[in-house]
Amino acid sequence: MLFQVGGQGARPTFFEMSAAQQLPASLRAALTYSIGVLALRRPFLHRVLDYEDEFFALLMLVLESHSLRTTDASFSESLYGLRRRAVKIRVKKDNPLSDSKDVIHHSGLEKYQKRLSVLFLVVLPYFKSKLHSVYNKEREATLQASLWGHDDERFNNADYFSEERGSLIPTGNSDVEMSVRARLAKRFQKFVGVFYPWLHAGNEGLSFAYQLLYLLDATGFYSLGLHALGIHVCRATGQELMDTSSRISKIRRRERDRLRGPPWLKTLQRALLSCTYAVLDYAQTGLIAAVFFFKMMEWWYQSAEERMSAPTVYPPPPPPPPPKRYGAALHVREGVKEVAKDGIPLPSDRTACALCLQKRTNPSVVSVSGFVFCYACIFKYVSQYKRCPITLMPANVDQIRRLFHDM
């Protein structure tokens, strides 16, 4: 057991059950990402990704079977110190006038309950994942057909002339030419495309209802599968956690005693069993440690890539050189702006327009010189003389920019 969440009583909290339920999906995502990273250097690992559902189902089949056999709990539940218990409800009546009371007795799991637990934990999620992938393919095909049409529509009604027989031969893709297997697969995809959304919505709705009732303490079953199997998930006591190791030792001792054959074969079988036991013992810790390790590596390389791809900060460019002098020599007025000798002089009032000598309305700047005028005045002047009235620098109406004050 790696995690022990606090709480009182044998009934796990909603958050413990939710974390245990979501752990396989998180583990699968981490393993898929890890194999994808390794496949960049080892291309043969892409075959594992091609059969991702099968490999993960096989892995979980081994882990869940071993966990249920040794601890009476699923792989994720054992990490949180939880155990599965068979529920036996007996109706007790103290007297005819009193209300009946339901007494719940917990016992160990039967063999059929362990097998059905593997069915609900491994087999059904596998088929659900395959149906989901088939539904996604059918939805993409339907969307493409609605947007672009079928690729073989233009050939459906096409007839080609046969020179040997001198007749028209229809060559469209018909159901007769399709194989039986292809037709069945196509019908199955259409069936899944129609009914899977309803099946998925019903499953999610029942899961939500059971989780809500469990959260409100209205039921002891966290999911429909547990209710169908008659199983409660309870916290393991300290004595149960200590007895787990002795129980595993007894199971393995019986397995070694059942070995048959010559001495060399028994030795080989014992070595294989020891290797299998070692792998299973450290599978839980190893998988969780691998998830954390690869997540850390993902963060490390992602931060390094961000540093490498970050834009380089260069120093600001030097200011542009002063504008060229046109016409007569320029002189500096008030040490701020250069004014041509033959240009219009600047007014003493800095808020006034140099052309109309009134307060500027709709102020606009000539971008080549930086002087501000009334928009109507400067537009009329530049349209007529093609220059700035103060510096006499060449300009056009496209170089006039309106100025706006921030309120």
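This is a predicted model: local features need pLDDT of at least 70, side-chain atom pairs count only at pLDDT 80 or more; totals for chains, interfaces and linings use all residues.

1. Let me begin with R84, which counts as buried because its relative accessibility is 5%, under the 20% cut-off. The partner of R84 is E77: their side chains meet in a salt bridge, 2.9 Å from N to O. E77 is buried too, as its relative accessible area is 6%.

2. How many salt bridges are there by this rule? The count comes to nine. One of them joins E16 and R235, with the closest N and O atoms 2.5 Å apart. E16 belongs to helix α1 (residues 14-39) and R235 to strand β5 (residues 231-235), so this pair ties together parts that are 219 residues apart in sequence. Both E16 and R235 are buried.

3. Another salt bridge pairs K114 with D72, at 3.3 Å from N to O. Here, too, distant parts of the chain are linked: K114 sits in helix α5 (residues 111-148), while D72 is in the loop between α3 (52-71) and α4 (75-79), 42 residues apart. K114 and D72 are both buried. Do look as well at the network of salt bridges that links R28, E52, D53, E54 and K130.

4. Now for the nonpolar interior. In soluble globular proteins, nonpolar side chains tend to be buried together. In this model, the largest nonpolar core has 25 residues, and M17, M60, F75 and L226 touch the most other members. At least two residues of this core come from each of α1, α3, α4, β1 (82-92), α5, α7, α8 (224-229) and β5. Helix α3 supplies the largest share, five residues.

5. Leaving aside residues up to four places away in sequence, M17 touches P12, L82, Y214, Y222, L226 and V233.

6. Which residues do ring pairs link into a cluster? They are F14, F15, Y214 and Y222. Y214 also has a charged neighbour: R11 lies over the face of Y214, 3.9 Å from the ring centre. Elsewhere, R402 lies over the face of Y375, at 5.2 Å from the ring centre.

7. Across the whole structure, a search finds eight aromatic pairs. Among them is the tilted pair of Y135 and Y196, with 5.4 Å centre to centre and 40 degrees between the planes. This pair links distant parts of the chain, since Y135 is in helix α5 and Y196 in helix α7, 61 residues apart. Both Y135 and Y196 are buried.

8. F191 and F195 form a tilted pair as well, at 4.6 Å centre to centre with 40 degrees between the planes. About one helical turn separates F191 and F195, because they are four residues apart in helix α7.

9. Finally, a look at L215, found in helix α7 (residues 180-215). L215 counts as partly exposed because its relative accessibility is 47%, which lies between the 20% and 50% cut-offs. L215 and T13 are 202 residues apart in sequence, and their C-alpha atoms are 8.0 Å apart in space.

Conventions: Residues are numbered from 1 along each chain as its sequence is written. Side-chain values use heavy atoms; hydrogens and water are left out. A salt bridge is a side-chain nitrogen of Lys or Arg within 4 Å of a carboxyl oxygen of Asp or Glu. Buried means under 20% relative accessible area, exposed over 50%, partly exposed in between (1.4 Å probe, protein chains only). A nonpolar core is a set of buried Ala, Val, Leu, Ile, Met, Phe, Trp, Tyr and Cys residues joined through side-chain atoms within 4.5 Å. Contact means heavy atoms within 4.5 Å. Rings of Phe, Tyr and Trp (its six-membered ring) pair if their centres lie within 6.5 Å; planes under 30 degrees apart count as stacked, over 60 as edge-to-face and the rest as tilted. A charge sits over a ring if NZ of Lys or CZ of Arg is within 6 Å of the ring centre and within 35 degrees of the ring normal.
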